[in-house]
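Welcome! Take a look at the structure, then work through them.

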Amino acid sequence: MSDHGLSIDIPRRPSHELRAEGLSLAYDGDLVVRELSLQVPEGRLTTIVGANGCGKSTLLRGIARLLRPRAGVVLLDGEPVHSLPAKDVARVIGILPQSATAPEGITVADLVSRGRYPHQGWFRQWTSTDDAVVRAALAATSTLDLATRRVEELSGGQRQRVWIAMALAQDPDVLLLDEPTTFLDVTHQIDVLDLLHEQNRERGTTVVMVLHDLNMAARYADHLVVMADGKVVATGPPDEVLTAGLVREAFGLEARIVPDPVCGSPMVVPVGRFHGVVASGAPHP
């Protein structure tokens, strides 16, 4: 992925208060998230982790206004997000959902350009700034050379990077991403996470993402949210939250927590049924 950031002169993003209070979310009558309350730290990078089926993606959809609550409320700057006009919310909150689909035949450039929709209006038409933002988003995700290709012709990893480019082109103050590293090889996973980290650090974008990889979540997060059975069981800095006991509780996994040799963040080392703890200097059984 390119090391180019957004090349136009855009000021740091303003902060917004985003929180859930007593939030319950359901699909077809099946309650997935239960009376959950959560405060998203402003201007920080938050990762949500938990076992499959714990409600991570459902929570993100509820926060993003894609799923109406069964009970409780999501508040954006003190206002219920579901009562605000969709376009007003889209100017503040960008969302990259799982399994996004594109219209048949659309090119990469056209899809990424749709990220600028919230900034258009009756008296605000397409400008050179929009062109610059779209081009910078393509460059930042190494998809500039794909601009004229049709989205359905791309590999899964290429498509994922194009969707991230569209989210960046939206230029939101708050960016919500559901498994942004899906379909990506390890090199592009790191590139995407580095890019999101850069957006947060250099531009002040509040980033909230669901990740399956506990170690990547711990490495990149300022704030870790751990879910189990539709509820939040722990929140806080990774080095305070991520313990062997918590991993056992939330994932049913026996593990050792050691420092990441690259950056010192907590790293989860699974034990498993066939590998016990090897004493220092002892041969591996």
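**Exercise 1: A residue in a loop**

Val-262 is found in the loop between strand E11 (255-259) and strand E12 (266-270); helices (H or I, at least four residues) and strands (E, at least two) are DSSP runs, numbered from the N terminus. Before you start, note that this is a predicted model, in which local features need pLDDT of at least 70 and side-chain atom pairs count only at pLDDT 80 or more, while totals for chains, interfaces and linings use all residues. Residues are numbered from 1 along each chain as its sequence is written, and side-chain values use heavy atoms, with hydrogens and water left out.

Task: decide whether Val-262 is buried or exposed.

Solution. 
- Step 1: recall the cut-offs: buried means under 20% relative accessible area, exposed over 50%, partly exposed in between (1.4 Å probe, protein chains only).
- Step 2: the relative accessible area of Val-262 is 66%, so Val-262 is exposed.
- Step 3: for a sense of distance, go to Pro-80, 182 residues apart from Val-262 along the chain; their C-alpha atoms are separated by 41 Å.

**Exercise 2: A covered strand and its partners**

Task: find which residues lie on each side of strand E8 (residues 206-210), and which strands pair with E8.

Solution. 
- Step 1: five of the five residues of E8 are buried.
- Step 2: Thr-206, Val-208 and Val-210 lie on one side, with Val-207 and Met-209 on the other.
- Step 3: two strands pair if DSSP finds at least two bridges between them. E3 and E8 are parallel and share four bridges, with Leu-45 opposite Val-207.
- Step 4: strand E7 (residues 174-178) also runs parallel to E8, over five bridges, and Leu-175 has Val-207 as its bridge partner.
- Step 5: from E7 the chain passes through helix H6 (residues 186-203) to reach E8, a right-handed β-α-β crossover (with the strands pointing away from the viewer, the path from the first strand over the helix to the second runs clockwise).

**Exercise 3: What surrounds Thr-46?**

Task: work out which residues Thr-46 touches, not counting residues up to four places away in sequence.

Solution. 
- Step 1: contact means heavy atoms within 4.5 Å. Thr-46 touches Pro-41, Val-207, Val-208, Met-209, His-223 and Val-225.
- Step 2: turn to Met-209, whose contacts beyond four places in sequence include Thr-46, Leu-177 and Tyr-220.

**Exercise 4: A sheet and a helix**

Solution. 
- Step 1: strand E1 (residues 18-27) is joined to E2 by seven bridges, and Ala-20 stands opposite Leu-38.
- Step 2: just after H1, Arg-65 has a positive phi of about 75 degrees.
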